[in-house]
Amino acid sequence: SIPSESRQLWQKFGVKEFGGKEEFQQEFIRHVETTLARSIYNCDDLAAYQAASQAIRDRLIVAWNKTQQKHTTKDRKRVYYLSLEFLMGRAMDNAMLNAGIKDITKSGVADLGFKIEDLLEQEPDAALGNGGLGRLAACFIDSIASTNYPGWGYGLRYQYGIFKQRIVDGYQVESPDYWLTFSNPWEIPRYEIQIDIMFYGYTRKYTNDDGKVVHVWEGGEQVQAVAYDVPVPGYGTETTNNLRLWASKPTREFDFEKFNAGDYESSVRESQKAETISAVLYPNDNFYSGKELRLKQQYFWVAASLNDIVRRFKKTHRPWKEFPDQVAIQLNDTHPTLAVVELQRILIDMEGVEWDAAWNIVTNTFGYTNHTVLPEALEKWPVPLFTNLLPRHMEIIYEINLFFLQKVEKMFPKERDLLARVSIIEESTPQQVRMAYLAIIGSHKVNGVAELHSELIKTTIFKDFVTIYGPDKFMNVTNGITPRRWLHQANPKLSDLIASKVGSYDFLKDLNLLKKIEPLAHDPKFQDEWVTIKKFNKARLAAHIKQSNGFEVNVNALFDVQVKRIHEYKRQQMNIFGVIHRYLSIKAMTKEEKKEATPRVCIFGGKSAPGYYMAKTIIKLINAVSEVVNADADVGDLLKVVFIADYNVSKAEIIVPASDISQHISTAGTEASGTSNMKFVLNGGLILGTVDGANIEITREVGENNIFLFGHLAESVEDLRHKHRFSDVPLDPNLEKVFNAIESGTFGDPNIYVSLISSVTGSDYYLVSDDFQSYLDAQKLVDQDFKNKDTWVSRSITAVANMGFFSSDRAIDEYAESIWNVEPISME
Ligand code: BZD
């Protein structure tokens with residue numbers, strides 16, 4: 001470290017926070033001229049974005065360094081959030097906001113000839129996630145920093161994020177999202193942090209001089225993990241935490257040998273192979289496909305992260321039993337479950353800790369969050385594949401399973417079936433490793449993400465484990481969203497209006513303060529301002545639609561939005577069938593009736609997994625309906641159908657504030673929580689939804705009058721499915737009319753939709769027909785209620801006023817208190 005006589009100099013010239021606009025401008029120009037090697041003559045918006053982000057980045061790094069130093073000196077327990085996905089979106093606006101330099105930058109770049117909005121548009125989304133799970137991780141690390149918890153995220157630095165979606169001839173077409181073309185100013189490469197990761201090979205054991213059996217794993221393939229750090233600034237605090245993303249690189253020795261031997265080609269091939277590990281994000285959400293490369297990704301990331309965490313712990317020279325007092329690790333779904341096995345392996349094979357002591361440490365360290373009850377989403381790895389890739393881990397899993405089953409047998413000696421049901425190994429051909437069971441057994445707490453979901457996991461997929469461990473191991477932490485991005489950044493006008501009424505922006509840190517606007521729900525002036533802002537946001541979206549889809553939509557129409565991953569359980573098919581029903585009704589209307597009708601713009605958006613045929617068919621149908629309806633002169637402004645291509649975080653920031661109604665209409669019991677439902681309501685839209693996921697808690701908070709609920713309840717779903725399987729259930733008559741229209745070719749070649757229709761006329765697993773009438777009734781009510789502008793706006797205000805609970809800050813406090821046992825560290 002630096003000798004004390006030199007330190008003054010370091011302090012004197014250390015990078016400081018911006019004193020004002022001019023210092024920002026100076027830094028901006030310095031980066032244009034040196035970092036980018038450009039000048040006043042060739043600085044376009046992209047270069048200006050890059051220079052501005054470099055200037056902001058420098059400040060983030062200063063805060064980052066300070067925070068890390070503070071956390072190291074304080075030496076308190078940290079939390080590590082392991083997630084294969086962090087769907088961050090753009091960083092610049094958030095960085096300016098959280099660093100408190102938004103005004104400086106905005107007017108700073110304006111003086112220099114740029115508009116801040118244009119610069120922000122230059123940034124590609126960091127789209128390292130599929131949907132809700134990845135976005136939740138992004139909201140959570142924002143909240144961990146904003147509430148001053150010492151916490152790091154660990155993930156993979158994919159070179160390709162979620163694919164880009166185009167619509168060609170009505171179909172989804174995917175192309176790669178290479179988001180690193182112009183380099184990424186928001187990451188700090190840490191080439192010095194390199195960790196060797198092994199795969200394949202074999203295991204052997206021997207007895208050492210002390211008579212102890214030692215297990216050795218000799219890997220067959222080695223790659224290196226290189227760290228890239230992304231600073232995560234908290235809002236209204238100096239705390240800047242770290243998101244560490246791993247990239248895979250070939251090991252130098254390995255490369256060198258072959259190269260030296262003259263085998264250039266295979267040397268290059270091998271090194272490319274190493275890089276493929278972290279190359280691409282798997283584009284499935286809520287679907288498991290057992291690909292070896294995916295398991296490799298999981299182990300690569302888990303092993304690198306644990307090595308890092310353990311190294312940090314060892315620096316403190318504490319005894320191993322104190323590990324769980326210093327480290328909490330949260331498993332975001334089962335994707336990082338190998339961490340349980342890897343920590344056990346490090347402790348027993350590398351550090352010589354006894355099995356029981358090690359296992360105690362492991363289980364006290366981990367918590368596991370479940371995000372789904374859908375059977376097709378539960379990870380199960382074939383034992384042969386697993387054994388080949390990770391032979392030592394497989395042995396340890398067998399051992400964990402043996403001890404667990406022995407315990408269960410002792411507790412329930414008469415229940416032979418129970419053992420087979422809860423075994424980590426499923427006795428199928430081939431055998432499978434049930435990752436969720438391993439995660440439960442290896443953690444001290446298991447949580448669901450909304451009340452209903454947390455109850456469901458206890459009574460269905462994890463029922464036996466409640467019998468074994470008792471109910472206290474299982475809990476609920478309802479999801480939340482960060483109000484910084486999802487209110488202030490996405491909807492600055494609404495945020496400003498609220499601030500002007502409640503006296504400050506403190507609600508962005510304590511969302512319960514929104515309650516203060518409730519008395520204004522019937523205040524005509526406030527209502528006017530509220531409505532004006534909604535109109536503005538609708539016009540902003542309409543401009544986007546004009547640009548991307550090429551047609552105008554009427555901003556006075558009701559904007560009805562469903563944007564999320566396309567999945568049968570989310571029931572976009574029911575929505576588009578409803579749109580067709582509306583279209584047919586309009587066609588049958590008299591002139592007088594048309595005058596009374598509520599005009600609607602039905603907006604869809606979302607990606608389908610590339611291999612998900614049914615989801616792709618739904619996209620095609622939406623686009624086919626859009627084409628017919630939008631061109632039909634009989635319909636005019638009464639109905640427009642829009643599919644917004646390539647839905648992502650930055651598009652969500654435009655779409656969410658513009659909704660009057662948003663749809664969250666999953667079959668009851670299938671959507672674990674949903675988080676966009678929270679975003680829409682926070683922005684003054686009302687929900688049309690089923691009694692599912694967080695819709696239930698949103699209803700409790702905002703009041704039954706301020707949400708449109710419909711459909712069967714979760715408790716009836718099983719019976720209904722049973723009926724479909726074992727008797728003839730007549731198709732809903734309105735749905736039949738819709739199907740007749742599709743089958744008669746109203747929306748193009750009906751052959752395209754045969755399987756989509758028979759999924760409903762057949763077993764109707766998602767109960768589209770059962771819920772259809774109730775859905776149409778709810779839609780009718782929406783149409784009627786929207787005409788009454790006064791009540792509509794007061795409902796919108798009341799709903800927003802009661803959304804405080806859904807801040808991810810609250811969710812993080814709950815995790816910290818009841819699972820992690822970590823405390824905030826103030827930066828003062
Ligand atoms: O997680 C989603 C659930 O479907 C939502 O109900 C919930 O609100 C969010 C956050 O808890 N799950 C996912 O988004 N899941 C995935 O994206 C995913 C990705 C890979 C593999 C399995 C699932």
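**Ligand site**

I looked up the ligand's neighbours first: 19 residues surround it, and the closest are Leu 133, His 371, Asn 479, Glu 671 and Gly 674. A residue counts as near when one of its heavy atoms lies within 4 Å of the molecule.

Before going on, I noted that this is a predicted model, where local features need pLDDT of at least 70, side-chain atom pairs count only at pLDDT 80 or more, and totals for chains, interfaces and linings use all residues. Numbering runs from 1 along each chain as its sequence is written, and side-chain values use heavy atoms, with hydrogens and water left out.

Next I sorted the shell by class and got 5 nonpolar, 10 polar and 4 charged residues. Here Ala, Val, Leu, Ile, Met, Phe, Trp, Tyr, Cys and Pro are nonpolar, Asp, Glu, Lys and Arg are charged, and the others, Gly among them, are polar.

Which helix gives the largest share of the shell? Helix α7 (residues 132–146) does, with 3 residues; helices (H or I, at least four residues) and strands (E, at least two) are DSSP runs, numbered from the N terminus.

I also checked the domains, whose bounds come from an automatic or database assignment. Domain 1 (75–90 + 125–478 + 816–820) and domain 2 (533–782) both contribute shell residues, so the ligand lies between them.

**Contacts and cover**

I then went through N or O pairs within 3.5 Å. A backbone N or O atom of Leu 133 is 2.9 Å from a ligand oxygen. Polar side-chain atoms of Asn 479 and Asn 286 also reach ligand oxygens, at 2.8 Å for Asn 479 and 3.0 Å for Asn 286. Taken alone the ligand exposes 510 Å², and the protein buries 96% of that (Shrake-Rupley, 1.4 Å probe).

I found the Thr 429 to Pro 430 peptide bond to be cis, with omega near -10°. Pro 430 is in the loop between β15 (425–426) and β16 (432–434).

How values were computed. Polar contact = N/O pair within 3.5 Å; in protein donor to acceptor, adjacent residues only side chain to side chain.
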